[in-house]
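Please keep the sequence and the structure in view while reading.

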Amino acid sequence: MYTLYVLDDGRIGQDMIEANCAADLQRLGARLRKVVEARHWSSFPHVETADMAGGFYERLEALQGQRHTYYCGEIMSFSTLECCACYARDLVNRFFKENRCSAIQRFRISAADKLTT
Ligand SMILES: Cc1cc2nc3c(=O)[nH]c(=O)nc-3n(C[C@H](O)[C@H](O)[C@H](O)COP(=O)(O)OP(=O)(O)OC[C@H]3O[C@@H](n4cnc5c(N)ncnc54)[C@H](O)[C@@H]3O)c2cc1C
């Protein structure tokens with residue numbers, strides 16, 4: 001059984017998608033006998049160009065930390081694991097650096113205590 005991910009432009013139908021998949025599989029030496037399940041979903045959460053140009057992200061960034069709430073993930077950084085991880089790290093550095101440093105300090109002190117006792 002194969003799992004295929006298809007990025008379509010919303011204009012081609014399921015029949016065309018399956019025909020393209022069958023052709024691709026054939027090139028790989030496989031044969032499409034049956035489609036077990038096909039699911040459709042919108043690509044990652046995003047805004048349109050006009051919204052972005054209109055300051056969507058400036059407004060969203062200004063909400064970071066309001067009411068002790070922080071936002072990260074695809075909506076903030078684009079759809080790859082690396083982008084999400086980079087943004088999350090940056091968020092921690094921007095808003096929690098002091099706490100992070102003191103937590104590391106506490107860990108180092110307690111580890112050093114254990115070594116000397
Ligand atoms: C089919 C597919 C293939 C992909 N391939 C790649 C790839 O090859 N390389 C790559 O870099 N990226 C890939 N991506 C993109 C990558 O997976 C995403 O960019 C990344 O996982 C997004 O991280 P996230 O934290 O925003 O969301 P997610 O990883 O979706 O994490 C959100 C989490 O929140 C949980 N959740 C949702 N609602 C609630 C709730 N109400 N309460 C509690 N928990 C909740 C969900 O269960 C989930 O665990 C792929 C994505 C898809 C869909």
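**A guide to the model**

Along the sequence, the protein follows the pattern α-α-α-α-α-α. Its secondary structure amounts to 6 helices and 0 strands; helices (H or I, at least four residues) and strands (E, at least two) are DSSP runs, numbered from the N terminus. This is a predicted model, in which local features need pLDDT of at least 70 and side-chain atom pairs count only at pLDDT 80 or more, while totals for chains, interfaces and linings use all residues. Residues are numbered from 1 along each chain as its sequence is written.

Confidence is expressed as pLDDT, the predictor's confidence in each residue, from 0 to 100. The protein averages a pLDDT of 88, and 85% of the residues score at least 70. Among its elements, helix H3 has the highest mean pLDDT (96), whereas helix H6 (residues 97-116) has the lowest (63). Where pLDDT is low, the predicted coordinates should not be read in detail.

The overall packing comes next. Of the 117 residues in the protein, 0% are buried. A residue is buried if 20 or more other C-beta atoms lie within 10 Å of its own, exposed if 12 or fewer, and partly exposed in between, with C-beta atoms placed from the backbone. Among the contacts with a separation of 6 or more, 29% join residues 24 or more positions apart; two residues are in contact if their C-beta atoms, placed from the backbone, lie within 7 Å.

Helix H1 comprises 14 residues (residues 14-27) and should span 20 Å at 1.5 Å a residue, which agrees with the 20 Å between its end C-alpha atoms. The expected span is 1.5 Å times one less than the number of residues in the helix. After H1 comes Gly 29, with a positive phi near 85°.

Glu 61 belongs to helix H3 and counts as partly exposed because it has 13 C-beta neighbours inside 10 Å. Between Glu 61 and Met 76, which are 15 residues apart in sequence, the C-alpha to C-alpha distance is 8.6 Å.

Arg 67 lies in the loop between helix H3 (56-62) and helix H4 (74-77). Its phi is near 55°, a positive value in a residue other than glycine. Arg 67 counts as exposed because it has 6 C-beta neighbours inside 10 Å. Phe 78 sits in the loop between H4 and helix H5 (81-95). Although Phe 78 is not a glycine, its phi is positive, at about 95°. Phe 78 is partly exposed, since 13 other C-beta atoms lie within 10 Å.

Which residues surround the ligand? They are Tyr 5, Gly 73, Glu 74, Ser 79, Thr 80, Leu 81, Glu 82 and Cys 84; a residue is near a molecule if its C-beta atom, placed from the backbone, lies within 6 Å of it. H5 supplies the largest share of this shell, 3 residues.
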